[in-house]
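Have the viewer open as you read.

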Amino acid sequence: MKKKLLSVLLACTMVLGLCACGDQAGSAAPEDTADTVQTQAAADTATADSASSETTADTATVSDQAFGDTIKYDPTVPVNNGEPISIDYWLWTSDELWQSVMDKYMAIHPNVTINTINNPYDDYWVKLPLALEGADGPTLFNMHISYHDSVIKNLAPYDIPLEDIRADFNNVEPHVIDGQVYYLDTGVMTGSIFYNKDMWEAAGLTEADIPETWDEFFEVAKKLTIREDGQLIQAGFEFNNYINSNYLMGIQYQLGQNMFNDDMKTVTINNDAEVKVMQMLLDAYNVYEVGEADFCEDSIVSFATGQTAMVSSWGWLNDYMKANFPDINFGVFQVPVFDKNNIYAYNRSNTESTFGINKNADPAQIAVAQDIVKFLLADNESLLNLALGQSVFPTKKSLANDPALEQNAALYCLKDTVDQYVFPGALPSFFETYLAEAGEEILYNGVDIRTALQTAEDKINADLAGMDFTACEDAYTPRK
Amino acid sequence: MARSRLQLFQKRPLQPRSEVWLRNITMFCMLAFYITFFIVPIGMAFVGSFHDWNPMNGKYVKVGVSNYVALLSNETFWLSVKNTLLFCAVVVFFRALLGFLCAYAIYSKTVRGKNFFLTMYYMPVIAPLVAVTFIWKFMYEPKVGLINTLLGLSVNWLKNKNTALLAVMIMTVWKDFGYAVVLYMAGLMGLSEEVLEAAKVDGCNGLQLLKSVVLPLLRPTTLLIIVASIISYLQAYVQVLVLTEGGPGTSTYLTSYLIYNEAFVKFSFGSASAMSFVLFVFTAVATAISFKIQAGKAA
């Protein structure tokens, strides 16, 4: 009897342990590197969004008429001659948003079976490049521009005339390789300021107080900061864990400073603009005292759990919050600038991508994958759902003024300035790694700003030297 | 002696054909497995360490020993080596020490429910490392974490360069010392009651019994624990990957984590292979030293 009781007790303990593990894994997502999170979280939240008012997946309709703008899709044309065929499709995290696209396609072509295979984001980019090298790789998979170099040699070009793609989409040129494209953007994303509306109201602030410059921003942040007996209870602003992607890789553009030198092959990190950005962040904690490096290890977690009033984040946070922290009442405003009369650009932009097609797959499967791509590019409803679900500004020209975009605060705040963000190209993932190291060296290890930035610059340039990479910052033209 | 040699060369009785087939097939499978998954990859990695090798873009250019030369001036690599040796030494020591103390306590005749304690100590060992590490990560949170709350501290464990590696070590010892408990318990159970009784009859007190009889008799167990731990901890990286990602800055980089980053984040397989072989040499040397020390004590 004793043994039985003990067994039951141990079994319960293990089950509870596993439950705890599951919860932790879920909440750990925001503590990853920024790009990791933005895509993961966007994917995570897609599930909720597909059921929310912001997306229209539930009301998706299957047309039997040809549809599309310049790229047309005719659902009456059979695929694989109507014979049964199945393909593997890889994506990261559970994402009903993408699945709804696949379901819609399979409803048109019931002879096609799409096996959706989920992978965690970090594992995905280890497994996928290796799988594409072999014979068992997926026919179709979700792409991310940061990993362009890892997979490009195994991608099949889209079987759609380039002029048709150019007619329907913005931001095509960075993807053209020898007159062909291998993947496109579903939309453009960038960083903005997320603020807790309840804390804002409690501090006596109104919409009229939304700051346009960093000076105004820190004045607001001070009003939002609460201390009791010298202990920080509520941070007005925090940036912990995101110095790299949300600041050192974007805010310097406001000062007219590119990340790349004129050759577009080497970077400059140790420059006056980056020093000014880093010093501004340090001043936030040391001079304005609106937050602390040790307040919460991850500023997004701190914001999501109601400990911090304002954070900078990319658009993915909009849906992540709604799906996982619905009790937090938040708003979004455009990132402040140093001088509102002299703006070179607001921030860096990046993109979410369409599918990649494995060129080593069976030709019949590749044909199906090409058909799915064509379906997606022609289907405005799916592209709009993806844009809203991922909080990216759609690159499809006909969707740019769609009234549905107003429902998404992270997108709506960009509506007038979406052309004032610099896309530097598909930056390799080590940019974030080395700039995160630099930020932590400065913030936590007391390393001099110039020394830490120079170390990051040297490491990035050393790694870039072994790559065939050319940035496209020089394609950006500031507004007159 | 001459006779036994002669016996060796005597023809063995004929074995059933099926037995011979089974033996050959088994041996072939084992050899094929080891050759395919160990010998060939190790050989490829060794050759690859002399190349600029990126399997993602097909780059494979001979560069001689430059990957090894580059390591000499790679500050992060040497920092990771220092961290790895420190991590290994501390964790192995406390794993063995705590493991022995707990096992010796459980071994006491006055303790009831030995199996319960053994099970409880061993449970963290069988729990998934990634899951346990995520739980500890939350426990280390500076404001809401369990550790600071219980101890009344305000330490940012994972972002302070003076505590980050220590935090990784504490978690690892907690997770793994149950392994040593079980091995020491098995060792203690195997001790001859007669020897222990004889020592008591000869006037040994508890401390003398522990120092002069029990510990020397458990030397093979200690050696096993130390060698297995060294091999395991020189390759540790999951804890760092989840808890600190090498930070703050680069202060908690372990060599295996650096190798992982080189190979599977930057896809720089050449330099990752070179690091792996340097780590291999360290592991071999550390293992040999452990054997030497234990052999010296035994002599």
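## A right-handed pair in chain B

Let's start with a helix pair: H4(B) passes H5(B) in a right-handed crossing. For handedness, a crossing is left-handed if the near helix is turned anticlockwise from the far one by less than a right angle, and right-handed if clockwise. The residues doing the touching are Cys102(B), Ile106(B) and Tyr107(B) on the H4(B) side, with Lys114(B), Phe117(B), Leu118(B) and Tyr121(B) on the H5(B) side; contact here means heavy atoms within 4.5 Å. Sorted by type, the residues of this H4(B)–H5(B) contact come out as six nonpolar, no polar and one charged. In that sorting, Ala, Val, Leu, Ile, Met, Phe, Trp, Tyr, Cys and Pro are nonpolar, Asp, Glu, Lys and Arg are charged, and the others, Gly among them, are polar.

Helix H4 of chain B covers residues 75–107 and helix H5 of chain B covers 114–126; their axes come within 10 Å and cross at roughly 165°. H4(B) and H5(B) are therefore roughly antiparallel to each other. Angles under 35 degrees count as roughly parallel, over 145 as roughly antiparallel, 65 to 115 as roughly perpendicular and the rest as oblique. The axes are lines fitted to C-alpha atoms, for helices over the stretch in contact, with angles running from 0 to 180 degrees between N-to-C directions.

## Ground rules

This is a predicted model: local features need pLDDT of at least 70, side-chain atom pairs count only at pLDDT 80 or more, and totals for chains, interfaces and linings use all residues. Residues are numbered from 1 along each chain as its sequence is written, chains are lettered from A and ligands numbered from 1 in the order in which they are written, and side-chain values use heavy atoms, with hydrogens and water left out.

## Another pair in chain B

Helix H8 (residues 164–189) of chain B packs against helix H11 (residues 219–233) of chain B at an angle of about 155°, with the axes 10 Å apart. That makes H8(B) roughly antiparallel to H11(B), and their crossing is right-handed. On H8(B), the contact uses Thr172(B), Asp176(B), Tyr179(B), Ala180(B), Leu183(B), Tyr184(B) and Gly187(B), while H11(B) brings Thr221(B), Thr222(B), Leu224(B), Ile225(B), Ala228(B) and Tyr233(B).

## How the chains divide up

Chain A has 17 helices and 14 strands, where helices (H or I, at least four residues) and strands (E, at least two) are DSSP runs numbered from the N terminus. Of its 480 residues, 58% count as buried, and buried means under 20% relative accessible area, exposed over 50%, partly exposed in between (1.4 Å probe, protein chains only). Among contacts in chain A with a separation of 6 or more, 76% are between residues 24 or more positions apart.

For chain A, the domain assignment gives domain 1 (45–188 + 351–415) and domain 2 (189–349 + 422–475); such bounds come from an automatic or database domain assignment. The C-alpha centres of these two chain A domains lie 30 Å apart, and 25 residues of domain 1 of chain A touch 22 residues of domain 2 of chain A. Chain B is assigned domain 1 (17–68) and domain 2 (69–298), with 30 Å between their C-alpha centres. There, 14 residues of domain 1 of chain B are in contact with 14 residues of domain 2 of chain B.

## A perpendicular pair in chain A

Helix H13 (residues 363–378) of chain A and helix H14 (residues 380–390) of chain A have axes that come within 5 Å and cross at roughly 80°. That makes H13(A) roughly perpendicular to H14(A). Here Leu376(A), Leu377(A) and Ala378(A) of H13(A) meet Asn380(A), Ser382(A), Leu383(A) and Leu386(A) of H14(A), a set with five nonpolar, two polar and no charged residues.

Ser353(A) sits in strand E11 (residues 347–353) of chain A and, at 2% relative accessibility, counts as buried. Beyond its neighbours within four places in sequence, Ser353(A) has contacts including Trp98(A), His144(A) and Asp185(A).

Val301(A), in helix H11 (residues 299–304) of chain A, is buried with a relative accessible area of 19%. Thr477(A), in the segment after helix H17 (449–465) of chain A, is exposed at 58%.
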